[in-house]
Amino acid sequence: MMTKLLPVTAESLNEAAKLLRNGEVVAFPTETVYGLGASCFSIEGIKKIYQAKGRPSDNPLIVHVAPGFDLTQIALTVPDTARRLMDAFWPGPLTIILPKNEQIPDEVTGGLKTVAIREPSHPAAMALIKTAGIPVVAPSANTSGRPSPTTASHVYEDMAGKIPLILDGGSCEVGLESTIIDLSEDVPTVLRPGGITLEMLRTVLPETIIDPAVKATKEVAMDVVPKAPGMKYRHYAPKGELILTDHGPEAVAEWIREDLEKDPSKVIGVIATEEFGKALLAQGIRVPFISLGPKKDLTVAAHRLFEALREADERGWARFYGEAFAAEGIGEAIMNRFLKASSEKRL
Ligand code: TXA
Ligand code: MG
């Protein structure tokens, strides 16, 4: 199949909307990461999503809606807690889990009794859903196991030949997938940390907790099974060996010296903040380096993380060190993804 890569225009949006209505799959930008969309009511389209991603079909999809959509068409009930979160954070990077209405095909929810819903804020995503006139189910537009795509060329790397159209809307602002909050049970529970932080959620629902299985702590509880089916897989596995550490630049400099003594031909890299990179240079360490931006503004690190992981692969890094952050604010979401990508932790 020929894959078209088109800039977002009224014309390409119309073409994309038509493909969706005809049971085809289209990749489109959102403020979090690129999505691989199909009509929420097209079993054919949904099957094509799972095929293109190589994703297990028990892993449910998020339903993307346009502003003003009547949620009772998807959800069985929309509790007051959900309304308050929507008022505060929609459109935006927050996915809300509610009991599902029977109109939602089982193929969307992987057989679960709940459905995940989100109203994206990216203008192209909004326009596409509106033009199609139907809710759009969309996982991240990567091959299963690869970092989520934050540019159209990342999508092209993974999806060329598999889908008819990719809408290019530039690079995604947030860079990490949406926060997922489960409101289908008594206590509002974050199943996946993201751009809307726990601190932000608690300004609206103070009783919100994080599912212990996804909390990015030193002792990531690998024996607790996460509630979001997708969170149990080891995502974003880079080809090289990633060692995530909070031991600081002096320790990393020492380890790199040891690595290079053992095997001088091995490509050793570092993914870290600017400050960390400068401290390494001051130690006399000159190795390939990918910057996550300034330490004082971790939204830059969030924006760049997935791209950095893809780049490490492209540059053929056999082994690389990643700078760990405190799991606070957006750091919680960054660490959640970084921990999953790493093969070794020195925390
Ligand atoms: O930012 C995002 O959310 C992106 C963009 C495209 O919107 N989408 C995304 O979708 O990240 P995906 O499929 O890659 O991740 C969705 C996650 C999976 O871990 C899945 O298991 C979980 O949401 N999920 C979906 N429906 C669920 C449900 N009813 N209950 C629990 N978890 C659910
Ligand atoms: Mg994904």
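Guide: Sort the neighbours by type. Here the shell around ligand 1 divides into 16 nonpolar, 8 polar and 4 charged residues. Asp, Glu, Lys and Arg count as charged; Ala, Val, Leu, Ile, Met, Phe, Trp, Tyr, Cys and Pro as nonpolar; the others, Gly among them, as polar. This is a predicted model, where local features need pLDDT of at least 70, side-chain atom pairs need 80 or more, and totals for chains, interfaces and linings use all residues. Residues are numbered from 1 along each chain as its sequence is written, chains are lettered from A and ligands numbered from 1 in written order, and side-chain values use heavy atoms, without hydrogens or water.

Visitor: How many residues surround ligand 1, and which are the closest?

Guide: Start with distance: a residue is near if one of its heavy atoms lies within 4 Å. Ligand 1 is surrounded by 28 residues. Thr32, Asn59, His64, Ser178 and Gly230 are the closest.

Visitor: Which element gives the largest share of the shell around ligand 1?

Guide: Elements are DSSP runs, numbered from the N terminus: helices (H or I) have at least four residues, strands (E) at least two. β6 gives the largest share of this shell, 4 residues.

Visitor: Which side chains have a polar atom by an oxygen atom of ligand 1?

Guide: Look for polar contacts, pairs of N or O atoms within 3.5 Å. His64 places a polar side-chain atom 2.6 Å from a ligand 1 oxygen. For Arg192, the distance to an oxygen of ligand 1 is 2.9 Å. Arg118 has a side-chain N or O atom 3.0 Å from a ligand 1 oxygen.

Visitor: What volume does the largest pocket have, and what lines it?

Guide: Volume is the space filled by probe spheres on the points, which are joined across faces, edges and corners. The largest pocket has about 720 Å³. Its lining has 44 residues, and Arg55, Asn59, Pro60, Ile180 and Arg192 are the closest to the centre. By type, that lining has 19 nonpolar, 16 polar and 9 charged residues. At least two lining residues come from each of β4 (62-64), β6 (114-118), β9 (179-182) and β10 (189-192). β6 supplies the largest share, 4 residues.

Visitor: How many cavities of 30 Å³ or more are there?

Guide: The count is 1. The largest cavity holds about 60 Å³. It is lined by 13 residues, and Pro193, Ile196, Thr197, Leu198 and Glu332 lie nearest its centre. α7 (198-204) and α11 (330-341) each give at least two lining residues. α7 gives the most, with 3. The cavity lining divides into 7 nonpolar, 4 polar and 2 charged residues.

Visitor: Where is the cis peptide bond?

Guide: Most peptide bonds are trans. Here a cis bond joins Trp90 and Pro91, with omega about -10°. Pro91 sits in the loop between α3 (80-89) and β5 (94-99).

How values were computed
1 Å grid on protein atoms, 1.4 Å probe; cavity = no way out; pocket = protein on both sides within 12 Å on 5 of 7 lines; lining within 4 Å. Polar contact = N/O pair within 3.5 Å; in protein donor to acceptor, adjacent residues only side chain to side chain.
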